[in-house]
Amino acid sequence: MKRAYFYDTSCGKIGLAEEDGAITNVFFGNTVSPKEFTQEETPLLKQAAAQLKEYLAGKRQKFDIFLCPRGTEFECQVWWALKEIPYGETKTYSEIAKALGRPGASRAVGRAVSQNPLSIFLPCHRVIGKDGSLTGYAGGLKMKKFLLELERINK
C-alpha cells in the first residue's frame, strides 16, 4: 500500500510518500499526492521527515533511508548519479551525461532530472546549466537557490 503524508518544514509544506519500506516520492507545496496514495503517516515517513528537517536546518549532509524511485532504466541511472554529487557542489547536465558514458545525452539527462520523484533526497538541485545558471526545479528556483546556499554555508 502506498502512503503519503505532508509535513511543515522551514521551506513550507513538503509531502513524502512510501511503499514497501522505501521512500518513493517528494511533493512540494500544496500539491496533492496522487490518488493511489493513502494519506497516512508511517514510522518510515516520520524518519524521512526528521532527516529532511535536519538537512534543512544544516545539520545533515547525507540521508540514510531506503529510496526507491520508479522510472525508466536511463532515468534511474541519472537519478542515482545525482546522489554522487557531493554536498555543497554542483554538476552540469553534460558532466552527468559524460559520467554515465553518454557524452551526447545532456538533453536526455535534463529530461530525466526534471522527472526526479525524490527531489532533495536525490539532489537534483545540485544540477546547473553549463553556463552556471540555475535551471528548473520542481520546488521552484527560489527553493533551488535556497538549497544550494544552505549547502554552501554548511559544507
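Residues are numbered from 1 along each chain as its sequence is written. In this predicted model, local features need pLDDT of at least 70, side-chain atom pairs count only at pLDDT 80 or more, and totals for chains, interfaces and linings use all residues, while side-chain values rest on heavy atoms, leaving out hydrogens and water.

**Confidence**

pLDDT is the predictor's confidence in each residue, from 0 to 100. The protein averages 93. At least 70 is reached by 97% of the residues. Helix H1 (residues 43–56) has the highest confidence, at 98, and E4 the lowest, at a mean of 90. Helices (H or I, at least four residues) and strands (E, at least two) are DSSP runs, numbered from the N terminus.

**Strands**

Two strands pair if DSSP finds at least two bridges between them. Strand E1 (residues 3–9) has two such partners here, E2 and E4. E1 and E2 (residues 12–19) run antiparallel over seven bridges. A hairpin of two residues links E1 to E2. Tyr 5 has Leu 16 of E2 as its bridge partner. With E4 (residues 38–39), E1 runs parallel, joined by two bridges. There, Ala 4 stands opposite Gln 39.

**Cys 124**

UniProt lists Cys 124 as "active site" in an unreviewed entry. Such annotations may be inferred rather than shown by experiment; positions follow the numbering used here, and feature names are shortened. Cys 124 sits in the loop between helix H4 (106–114) and strand E6 (127–128). Contact means heavy atoms within 4.5 Å. Not counting residues up to four places away in sequence, Cys 124 touches Leu 82, Val 113, Asn 116, Ser 119, Tyr 137 and Lys 144. Ala 4 lies 120 residues from Cys 124 in sequence and 21 Å away in space, C-alpha to C-alpha.

**Accessibility**

Buried means under 20% relative accessible area, exposed over 50%, and partly exposed in between (1.4 Å probe, protein chains only).

| Residue | Relative accessible area | Class |
|---|---|---|
| Cys 68 | 26% | partly exposed |
| Cys 124 | 5% | buried |
| Glu 151 | 0% | buried |

**Disulfides**

A disulfide is a pair of cysteine sulfur atoms within 2.5 Å. The whole structure has zero. Cys 68 forms none with Cys 76, because its sulfur is 7.9 Å from that closest cysteine sulfur, too far for a bond. Cys 124 is in no disulfide either; the nearest cysteine sulfur, in Cys 76, is 14 Å away.

**Glu 151**

Glu 151 belongs to helix H5 (residues 141–154). Its side chain reaches the backbone nitrogen of Gly 88 at 2.9 Å. Beyond neighbours within four places in sequence, Glu 151 is in contact with Tyr 55, Tyr 87, Gly 88, His 125 and Arg 126.

Methods: Polar contact = N/O pair within 3.5 Å; in protein donor to acceptor, adjacent residues only side chain to side chain.
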